[in-house]
Amino acid sequence: MSDHPDIVFLDFAERPLIDVERAFELLVARGAIVTERAVGGPSELGGPVFRRLRSSCHSVEFVELGLRFFLSEGEAMDDALGGWRIRCEPEELDVRIAGDGSGDVILDATWSPRGSGEIARHSSILHFMVRALVGDRLPER
């Protein structure tokens with residue numbers, strides 16, 4: 001990750017991946033998340049969790065929030081934070097795979113006038129997405 005002294009990361013106590021995977025599946029089943037099936041071959045981008053989601057989903061949409069993430073589209077960023085920025089709609093979203101070599105760490109660098117200015121750091125794309133939709137309370141079946 002960036003060694004830039006002005007970048008401050010906000011980390012969260014995160015649930016086990018298996019719990020977050022189940023929550024993601026439940027959110028898809030309930031229609032809160034809509035996925036568009038992937039077309040094309042496997043990707044070398046990201047770590048195992050990102051690659052697994054990318055291999056099954058071209059895009060992920062948060063229906064009620066009107067946000068969409070295109071997992072196979074983006075660009076390498078040449079700024080202090082670095083990483084690979086995932087193409088999102090709206091374009092103001094700044095969600096990246098960290099450039100630290102871990103492969104699955106996701107950085108949410110989206111600026112908000114109500115935000116703290118810290119970069120939210122999540123251990124995987126699924127942790128980021130579930131937390132963005134439901135916060136710390138995972139949905140129950």
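S124 sits in the loop between β8 (119-122) and α3. Helices (H or I, at least four residues) and strands (E, at least two) are DSSP runs, numbered from the N terminus. This is a predicted model: local features need pLDDT of at least 70, side-chain atom pairs count only at pLDDT 80 or more, and totals for chains, interfaces and linings use all residues. Residues are numbered from 1 along each chain as its sequence is written, and side-chain values use heavy atoms, with hydrogens and water left out.

**The start and end of α3**

S124 caps the N-terminal end of α3. A side-chain oxygen of S124 lies 3.3 Å from the backbone nitrogen of L126. A polar contact is a pair of N or O atoms within 3.5 Å; within protein, one must be able to donate a hydrogen and the other to accept it, and residues adjacent in sequence count only if both atoms are side-chain atoms. S124 counts as buried because its relative accessibility is 2%. Buried means under 20% relative accessible area, exposed over 50%, and partly exposed in between (1.4 Å probe, protein chains only). Beyond its neighbours within four places in sequence, S124 is in contact with L17, V49, D104 and I106. Contact means heavy atoms within 4.5 Å.

Within α3, the buried residues are I125, L126, H127, F128, M129 and V130. Just after the helix, G135 takes a positive phi of about 65°.

Two packed helices are described by the angle between their axes and the distance between the axes. Axes are lines fitted to C-alpha atoms, for helices over the stretch in contact, and angles run from 0 to 180 degrees between N-to-C directions.

| Helix pair | Angle | Axis distance |
|---|---|---|
| α1 (residues 17-29) and α3 (residues 125-134) | about 55° | 9 Å |
| α2 and α3 | roughly 70° | within 8 Å |

α1 and α3 are therefore oblique to each other. α2 and α3 are therefore roughly perpendicular. Angles under 35 degrees count as roughly parallel, over 145 as roughly antiparallel, 65 to 115 as roughly perpendicular and the rest as oblique.

The α2 contact is made by V49, F50 and L53 of α2 and I125, L126 and M129 of α3. By class, this contact has 6 nonpolar, no polar and no charged residues. Ala, Val, Leu, Ile, Met, Phe, Trp, Tyr, Cys and Pro count as nonpolar, Asp, Glu, Lys and Arg as charged, and the others, Gly among them, as polar.

On the α1 side, L17, V20, E21, A23, F24 and L27 meet L126, H127, M129, V130, L133 and V134 of α3. That contact has 10 nonpolar, 1 polar and 1 charged residues.

**V49 in α2**

V49 belongs to helix α2 (residues 48-56). V49 counts as buried because its relative accessibility is 10%. Not counting residues up to four places away in sequence, V49 touches L17, D104, S124, I125 and L126. V49 and E89 are 40 residues apart in sequence and 22 Å apart in space, C-alpha to C-alpha.

**Other sites**

E89 is joined to P90 by a cis peptide bond, with omega about 0°. P90 is in the loop between β5 (84-89) and β6 (95-97).

H58 is in strand β3 (residues 57-62). H58 counts as buried because its relative accessibility is 15%. Leaving aside neighbours within four places in sequence, its contacts include E36, R37, A38 and F69.
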